[in-house]
Amino acid sequence: MIKINKIKLIEDRLGDLSKLLYKFRHELAQLKNRRLSYSLLDAKEELSDYFTPEYEVYLADKAGKAVAYIILRVFDNTVWLEQLFVLEAERRHKYATSLLKIANQKAIDYGKETAFINVHPNNHKMIQFLANNGYDVLNLIEIRKLYNKEKIDSRINVGENSFKY
């Protein structure tokens with residue numbers, strides 16, 4: 001049975017959340033074949049940013065063990081799904097679906113039809129999961145300058161535009 005709780009204070013389940021966030025950040029880095037120097041302490045510090053009135057954090061448990069989480073941000077009555085992560089061993093057990101339902105219900109509660117989600121273009125599993133749940137409209141593209149000494153050999157096309165990626 002899936003048990004999901006809203007975490008209201010950073011002290012509640014901080015260790016569990018930081019371990020999951022740590023794994024999330026490392027999986028994101030792997031999508032771009034990058035090594036990430038990000039520690040559990042970094043995860044705990046990052047989590048402190050999410051315990052403000054504009055964020056909501058939910059944690060899913062299986063037999064008392066934290067296996068998934070979602071972080072939502074509400075800005076201007078719009079719900080943004082900031083992070084959604086499920087431990088690899090627990091994927092395909094409906095945790096992500098249950099967490100996504102929370103995000104969409106929150107959007108409806110704020111008078112909107114959908115939550116908005118940013119997803120890494122290489123995160124094919126997440127993109128497929130979202131497509132399976134009715135998400136397929138590209139809304140925004142994040143563009144930045146190259147970092148100092150960064151070299152990028154690949155490109156990605158979006159419509160008529162080509163970007164270094």
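E90 is buried, with a relative accessible area of 12% (buried means under 20%, exposed over 50%, partly exposed in between, with a 1.4 Å probe and protein chains only). K62, at 37% relative accessibility, counts as partly exposed. E90 forms a salt bridge with K62, and the closest N and O atoms are 3.1 Å apart (a salt bridge is a side-chain nitrogen of Lys or Arg within 4 Å of a carboxyl oxygen of Asp or Glu). K62 is in strand β2 and E90 in the loop between β4 and α3, 28 residues apart (helices, H or I with at least four residues, and strands, E with at least two, are DSSP runs numbered from the N terminus).

## Basis of the model

This is a predicted model, in which local features need pLDDT of at least 70, side-chain atom pairs count only at pLDDT 80 or more, and totals for chains, interfaces and linings use all residues. Residues are numbered from 1 along each chain as its sequence is written, and side-chain values use heavy atoms, leaving out hydrogens and water.

## Other salt bridges

The count of salt bridges comes to 10. One of them joins the side chains of E56 and K106 (3.3 Å, N to O). E56 lies in strand β2 (residues 55-62) and K106 in helix α3, so this pair ties together parts 50 residues apart in sequence. Both E56 and K106 are buried.

R91 and E27 also meet in a salt bridge (2.9 Å, N to O). Here R91 is in the loop between β4 (78-86) and α3 (95-109), while E27 is in helix α1 (residues 14-31), 64 residues away. R91 counts as partly exposed at 26% relative accessibility, and E27 counts as partly exposed at 28%.
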